[in-house]
Amino acid sequence: MVVSFKRMMNITLLGAISAVTICSAAYAMNIGTNEKRVWCHYVAWHFATDVSYSAITHYDFAWRYPVKNEAGDYRDEMSNAVRSGIDGFFVDVVMNADSKSVAFTGQTIAMLNAYEGTPFMVGICLDGAGTKDTEWYVKKITEMITNICTHPNYPVIDGKPVFITYGSMGRTPDGWRDVRRRLKETGYEIFLIGDIGAGYDKKMSAEKVTPYNACFDMFYSFGSFHRNDSVFQPVAESAPIVCKAARDGGRSYMPCLWPGYLGGWLGGRNDYYQPYRGFDQLFENFDTMRKTGGEWLHITTWNDLEETPMYPMLFTFHANTELLKAFTGYFKGAAPEADVPRVYFAYHREEIIGTLLRIEAMSIPTRAVSAAATVSGYLSDNDGKKCCELAPKSVSTKDFSRAEWQIPTADYCYSPCVVPTVRIETKDGYLIERKLPAVFLKSGWIQNQVTVRVPPHEMATNEARLLVQQQGTMITARLSLGTDVSVTHATLWRNDRPIGEFGTNDGWLAYLEIRRKNVPKFTAAISGGTFIDANQFGQAKSESFKVSPQELFIEKTPSWSGVMMAALRNDGNAVLTVKASGTETNLSLNDICAHQGTYIDVKGGSLHIKPSEIDCFIMDHSPLNVRSGTLSLTLDSRPAHENDIFYARIETSTGTVFYSSAATPFAASQPRSIPVTEAFFNLETLAEAPGIPLLSGFLETPAQQTPVVRKVSVHPANFLAGRWTFENGFIDTLGERDLPVWENRSFLTSGGHDGGTSMTFTGTNSLKLRLRSWPLGACTIDLYLKPKAGRSGTQSIIKRGGGSSAVTLSLLPDGTLNVMREGKRAVVSDGFMTTEKLVDDSWNRVRITFDETALSARINGKPAGSKTLQPGREHFNCTIVLGGNYTGALDDLAVFSVADDRN
C-alpha cells in the first residue's frame, strides 16, 4: 500500500473538542468472533467530499454525487457499503515514528461521529507496524484507545477494542509481544488482528507463520498471493497455510477477498502492480474462502483508487456492489436476493491492436426458475455494423459460474472501437439484450488500464447522437437525445476523460489547473469573464480560500493539498490578472489554452496555469430533467489532436446508463494499412504477467501462441503519439502525457536545436516519462541529440525499466548509437550499431523506425543501419527513462506508434 505524503494530514488526535465529542459512551459496540462480520479496509487519503478531484489523477474514480457535507458523504459511503454486505471499515491510520506523526485519526473520528446511531462500525488499522520506537508506538495506541475506542460505533470484543494491523510481519514476534506487554502495563488490553503475509515476492510457509501464533488473536492476509522468483504461489495454496496456523494456535481466521492491484498509471505511480484479471482474482479468493471458512471476512480495499477499490466506480458501475453482496451473503448464509438471472461482464477498456480481447461472464446464485442461462451476443463497429459473433455459453443461475470469449482484434481495428452487445435468456422465457460500453483499440500503448465490470441490467436501451467541432481551442458539442426516458446527467468525454457536462451552464466554459510551488498566497482577478467555482483538495471554502465571480483568493494552503481547479465562463476575451509574491501578471485565457499552459516565476516560487484535461466539478453538477431534444456544450480546451476520440455518457432517472457512438472529428477519413503483430495474449494472460510471473487469467489457453505479422487496416484515431519540444516546459503537444513540472525544470536550458529550449543531462540526472507513453512495437522515434565530447564508456539515452518490447537507445564512445528492440522473455533483445556517428558538441537529428519486422535508423538524414527482427511483443510493466549516464543535450522528442517516413 502506497501513501502519498502530500495527502497525509498529520492530525494526531484532533484535539480536546473532538475527543469530548466521542467520549459519551464506553465500549458500547460489543461483538464476538462467533458472529459473521464483513470488514473493508478504508484509506482516508481519498476524501469522501472530493470525488470530482479524484478525476484529475484517475481514469476510474468513484461515481457518486457528493452532498459536500462531510458527515453526509460518509453516511452515503456507509449506505453503499451496507448494500455490499459490509458491516464496518478499518481505517488505515499511518504511524510514523521518525516524524512523530499519526495521520488520519481525525477522519476516523469524523466517520465514527457520522455513523453514530447506526450498527455500522469503524475500527483502526495500524499502518506502520515496523516502527522501531516501541515506546512511542505504544503511547500512540494508548491515546487512540482513550480518545477513539470509547465511541459507541467502535468494535470491542470482551472489553478489548479491536485493532487490525497492516504489514504485521515488519515487526518480529518478540516485538509484538513487547507491544502487548507494554499496553497491558498501562492498563489496556486489545483484540489484535495480524496481517500474516510473507511479502508478495516471497512464498508463504508454516515456518514463517507459526512464530506469530502468540502475538495475535486473529490472522488474516492483506495480500492474497505470494511468489518466489518465478515460482508463483496461488491463494489456494497460501491462504490454507495461514488458516491452519491460526487454527493450530487456537486463533481466529479472517479470509480476504482481494481483486488485485491496478496501479496508478495516469498519475505516474505504481506501474509494478498487477492489473485487473477480469473477475478471476476476486473469484479465486472467494472460492478459497469457501474451502477454508473463517470467523470474519476482509475486503481489500474499499476506496484506494490506485490499488484495490471495491467502491462503485465509473467503469465498474455497481458490479462490485452486487458481486460483493453475493459473496458476503454466501459467507453469512443468506439466501440469494435476485429472482431473475444475474450475469456480469468484464473486459479491458483498451486493447493493443493484434492481441486478444477477452470478455468474461460471471453469474451469481439467484432464485430464477431455470437452473441455467444462455449467454450470447456480438461485437459491432463504431458505425453499428455487426463484425463478430459471441457464441452461446451456458452459466448457472443457482451457483457462481464463469464463461469467456477470446476474440482476436486485428480484423476490427478499422474502427476506433468495438461495442459488445450481450443477450441473456432462459428456457422459461427470461430475456434481456443490452449494449455494453465500448472497447477502444490502440496502436502503441495502453493509456487507460481499467477493466470494465458491467451489469447489463444497468444499461439502458436508448440511443443518442454526438456531433463535435473545434476551432482553435474552442470545442462545440451537440448531443441529440432520442429517448423518452428522463436524462439526469449527460457528460462529454474525450479519450476517457470527462471534459464537460451538457446543459448545466450556459456560455463558453473553461477549466483550469493551477499548480503552485512555494507560493502560499495569490489572487486571480478576471475580466471578460466570470469565475464559476474553485476546488482545492481537502480544503473547504473559508476566509483563507474564497471565490467570487470576479476574483479567486487563497492563502495558508497545506503542503499536501495539491493542485487547485477553477471553473470559469469566458465572455469571449477573458484575461486573468494574477498577483503573487509582489508580482502581477496578465494572462489571456486564449493564450493559456493555445500554448497548453504557462509558467509564472515569482520570488521564491512559481505558478503553473494550464487548461485542465477534465471538468473539475464533474460530480458536482445539478441533475438535469430532459426527455428529448438537443443539449449543447461550448468550452475552451487544448488544441485538437488527430487521435482525439469523443463520446457522451448519459444517465437516466432510473439509474441506467447509455452511450453515444464515438466521434473522431480530427482523424483522417480512411483507415491506414500497416503491419501488425498478432500475439494472442494481453495484460492478464501472459506467462510473464505484470508483476507476477506464471499468473494467467484465461479460463482456456489461447489456441495460437506464435506471434505473426500481417497487414491490417487501422483507424487513424487508434494511433498514439507524443511530442515534447520543451518550449513550454514538459507539455505533450501531440498526446496527453505531460511530464511532471516542478522537479524537472532544472533540466531545461537555452540553446536548443532551433534556438529555443532543450534538456541538458549531466551524466547523473534522468527523467522518467509518464507511464504508458512508449510504443510496445511499431514506432517512429525522432529526436535531436547534442552529445558532449569526452565519453569514456557507453551512455544510456533512452532506457527501459521493467519489461516490454520497447526500442531503446545508447551512445558509444566513438559516437555510434546502439539501437535495440528490448525483450525479457517473450521477445529476444536484438538490434544493431549505427554505421553513421553523431558529431560531438553539435546538434544531430536521429530518427528510428520499426515496422514490426524491420528496425532502422537515420542520422542527420543519412541511412545509418537496419536489422530484421523476429515478430513478437511483450506487454507488461515498463517505464522509459531519458538519460541516466548521458552527458549532453536532448531536444524535440517525438514518438509515433507507427513506422512513418514523413517529416
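No disulfides are counted in this structure, which is a predicted model. A disulfide is a covalent bond between the sulfur atoms of two cysteines. Take Cys-256 as an example: the nearest cysteine sulfur belongs to Cys-40 and sits 10 Å away, while a disulfide needs the two sulfur atoms within 2.5 Å, so Cys-256 is in no disulfide. Below is a short tour of some other places to look at as you turn the model around.

- Cys-256 is buried, and its relative accessible area is 7%.
- Cys-779 is buried too, with a relative accessible area of 2%.

**Helices 9 and 10, side by side**
- Helix 9 covers residues 280-292 and helix 10 covers residues 319-332; their axes come within 11 Å and cross at roughly 5°.
- Because angles under 35 degrees count as roughly parallel, helix 9 is described as roughly parallel to helix 10.
- From helix 9, the residues Leu-282, Phe-286, Met-289 and Arg-290 meet Phe-327, Tyr-330 and Phe-331 of helix 10.
- Sorted by class, this contact between helix 9 and helix 10 has six nonpolar residues, one charged residue and no polar ones.

**A closer look at helix 10**
- The 14 residues of helix 10 should span 20 Å at 1.5 Å a residue, and this agrees with its end C-alpha atoms, which are 20 Å apart.
- Helix 10 is mostly covered, since 10 of its 14 residues are buried.
- Among the buried residues of helix 10 are Ala-319, Leu-323, Leu-324, Phe-327 and Phe-331.

**Helix 5**
- Helix 5 runs over residues 134-147, and from its first C-alpha to its last it reaches 20 Å, close to the 20 Å expected for its 14 residues at 1.5 Å a residue.
- Helix 5 is mostly covered, with 10 of its 14 residues buried.
- Its buried residues include Trp-136, Tyr-137, Lys-140, Met-144 and Asn-147.

- Most residues other than glycine have a negative phi, and most peptide bonds are trans.
- Phe-104 is not a glycine, yet its phi is positive, about 85°.
- You will find Phe-104 in the loop between strand 4 (101-103) and helix 4 (105-115), where it is buried with a relative accessible area of 0%.
- Asn-495 is not a glycine either, and its phi is positive at about 55°.
- The loop between strand 26 (474-494) and strand 27 (497-501) holds Asn-495, which counts as buried at 12% relative accessibility.
- The peptide bond from Thr-300 to Thr-301 is cis, with omega near -5°.
- Thr-301 belongs to the loop between strand 14 (296-299) and helix 10.

- Ile-196 lies in the loop between strand 8 (191-195) and helix 7 (206-209), and it is buried with a relative accessible area of 0%.
- Leaving aside its neighbours within four places in sequence, Ile-196 is in contact with several residues, including Met-169, Tyr-212, Phe-216, Phe-219 and Val-242.
- Ile-196 and Gly-260 are 64 residues apart along the chain, and their C-alpha atoms are separated by 17 Å.
- Ser-380 is part of strand 18 (residues 372-380) and is buried, with a relative accessible area of 5%.
- Apart from its neighbours within four places in sequence, Ser-380 is in contact with Lys-385, Lys-386, Cys-387, Cys-417, Val-418 and Val-419.

Definitions and conventions
Residues numbered from 1 in each chain as written. Predicted model: local features only at pLDDT ≥ 70, side-chain atom pairs only at ≥ 80, totals over all residues. Heavy atoms only, no water. Helix = DSSP H or I, 4+ residues; strand = E, 2+ residues; numbered from the N terminus. Buried < 20%, exposed > 50% of the residue type's maximum accessible area, 1.4 Å probe, protein only. Contact = heavy atoms within 4.5 Å. Axes fitted to C-alpha atoms, helices over the stretch in contact; angles between N-to-C directions. Parallel < 35°, antiparallel > 145°, perpendicular 65-115°, else oblique. Nonpolar A, V, L, I, M, F, W, Y, C, P; charged D, E, K, R; others polar. Expected span 1.5 Å × (residues − 1).
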